[in-house]
Amino acid sequence: MSTRCTRSTERETTLGGEVTHGVSSFGRWVSGAAAASSLIAILACVESARAQNSGRISSEVSCRGCSIEVGILAHIGSELDSVYYFQDVLALAQGARGEFYVGPRWRPKGGEPAIDVYDHSGQRIRSLAREGHGPGDFAGLFTFAMGPHDTLVLFSNHQTGFMSAAGVVARVAMRPPSTVLSAQVTSDGEIVIAAPIARAGITRPLHVIARATGEVVRSFGDIELRPGEDREWAARRTIGLSDAGTLWAARVNRYEIQKWTTDGRLLHTITRQPAWFPPWLQFGHTTQGAPRLEPLLAGVVEDGEGLLWVCVLVPKAGATKALPSGSALSAAFDETFDTVIDVIDPEANALVATRRFEGAMRGFFSGKLMVRVYSDTSDIPRLDLLEVRLRRK
């Protein structure tokens with residue numbers, strides 16, 4: 001008896017071109033021996049689908065006439081601004097009226113706001129999200145995401161909060177203690193966070209938050225530790241939006257990006273192995289303890305054409321010193337890292353364009369927004385809001 005794999009019409013890509021894959025459909029079971037034979041065929045079909053559902057990106061650029069350009073949208077920062085958070089920007093969002101939400105501030109004192117809002121001229125127009133432990137306060141705000149109508153979803157170590165664009169707190173819910181590394185609100189309203197959270201004894205990196213309660217309702221993704229790999233870094237993800245109900249999740253310590261549905265189905269895996277990004281196990285030192293910095297996959301986002309934008313911080317040649325914290329972090333990042341931006345066509349598994357920029361840029365926020373932190377001649381921290389685009393000749 002033979003068993004066929006019948007595939008659905010979900011499109012994926014391999015290095016050889018476009019294929020289709022999906023779940024298998026099978027006929028009747030005839031006998032025990034036939035069932036065993038069919039089970040082997042089922043497993044073979046599943047493994048085949050998994051193999052087809054991934055692709056390694058070549059370093060050869062497919063669009064010879066394409067180039068990546070960066071433009072400045074706004075300059076932020078002056079003697080009158082509280083810009084301490086510029087040293088370690090964790091979140092940025094652009095609202096429907098073009099306003100920029102930046103933050104959280106670096107360790108605000110009790111009663112101080114953690115998020116500032118700027119107009120296109122770089123003028124601060126209001127501040128939100130009060131630090132504290134009282135009603136409507138947020139203790140140790142770490143990051144935020146923007147939802148419909150400029151509503152903000154705020155994340156501290158153990159809280160999920162919902163706030164209007166005017167700063168009115170609608171509700172605050174408790175969450176298992178965790179550092180939310182990245183957060184997105186999909187076009188259909190799903191709230192997805194990247195954080196190592198254990199549920200039912202299993203730690204997973206990606207989670208869906210209920211809008212009504214702020215609680216974790218679904219968890220997915222695997223950690224997949226390698227021998228000698230730091231568990232904290234292996235669990236880190238940066239996430240970016242794709243089409244409705246799907247998102248991209250990238251590992252920080254190796255060039256591996258996966259496309260997921262918010263109900264936890266893995267659709268596609270992309271890998272790339274450039275010489276400047278070897279997979280690594282421990283950040284800041286070798287297994288023998290020698291100081292060493294590693295590349296960091298810092299951001300991913302899919303644009304309206306279906307192209308995947310990838311931001312990687314790459315150590316400059318000879319950079320070995322450990323990174324400081326606090327107010328010196330920004331200058332150290334700029335002195336220590338350059339930025340590589342890749343544009344990938346996930347349908348063709350092709351590298352459309354790539355470019356290395358001097359200094360550290362952070363991205364991506366609210367689409368293809370990026371930020372660059374620097375100090376002017378007065379040693380005052382400044383923030384450049386940048387936007388990237390692909391130019392085709």
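User: How is the model numbered, and what is its average pLDDT?

Analyst: Residues are numbered from 1 along each chain as its sequence is written, and side-chain values use heavy atoms, with hydrogens and water left out. In this predicted model, local features need pLDDT of at least 70 and side-chain atom pairs count only at pLDDT 80 or more, while totals for chains, interfaces and linings use all residues. The term pLDDT is the predictor's confidence in each residue, from 0 to 100. At least 70 is the score of 75% of the residues, and the chain averages a pLDDT of 79.

User: Over which residues does pLDDT stay under 50?

Analyst: Where pLDDT is low, the predicted coordinates should not be read in detail. With contact meaning heavy atoms within 4.5 Å, the model has 67 contacts beyond four places in sequence for the stretch in question, which is residues 1-52.

User: How many aromatic pairs are there?

Analyst: Rings of Phe, Tyr and Trp (its six-membered ring) pair if their centres lie within 6.5 Å; planes under 30 degrees apart count as stacked, over 60 as edge-to-face and the rest as tilted. By this rule, the count is five.

User: Why is the pair of Phe-220 and Trp-260 classed as it is?

Analyst: The ring centres of Phe-220 and Trp-260 are 5.3 Å apart. Phe-220 is buried (under 20% relative accessible area, with exposed over 50% and partly exposed in between; 1.4 Å probe, protein chains only) at 4% relative accessibility, and Trp-260 is buried at 7%. The planes of the two rings stand at 50°, so the pair is tilted.

User: Which class does the pair of Trp-233 and Trp-280 belong to?

Analyst: Both Trp-233 and Trp-280 are buried. Their ring centres are 5.3 Å apart and their planes lie at 65°, so the pair is edge-to-face.

User: Which residue has its charged end over the ring of Trp-233?

Analyst: A charge sits over a ring if NZ of Lys or CZ of Arg is within 6 Å of the ring centre and within 35 degrees of the ring normal. For Trp-233, the charged end lies 4.0 Å from the ring centre and belongs to Arg-236.

User: What is the handedness of the disulfide of Cys-63 and Cys-66?

Analyst: A disulfide is a pair of cysteine sulfur atoms within 2.5 Å, and Cys-63 and Cys-66 are joined with S to S 1.9 Å. The torsion about their S-S bond is about 65°, so the disulfide is right-handed.
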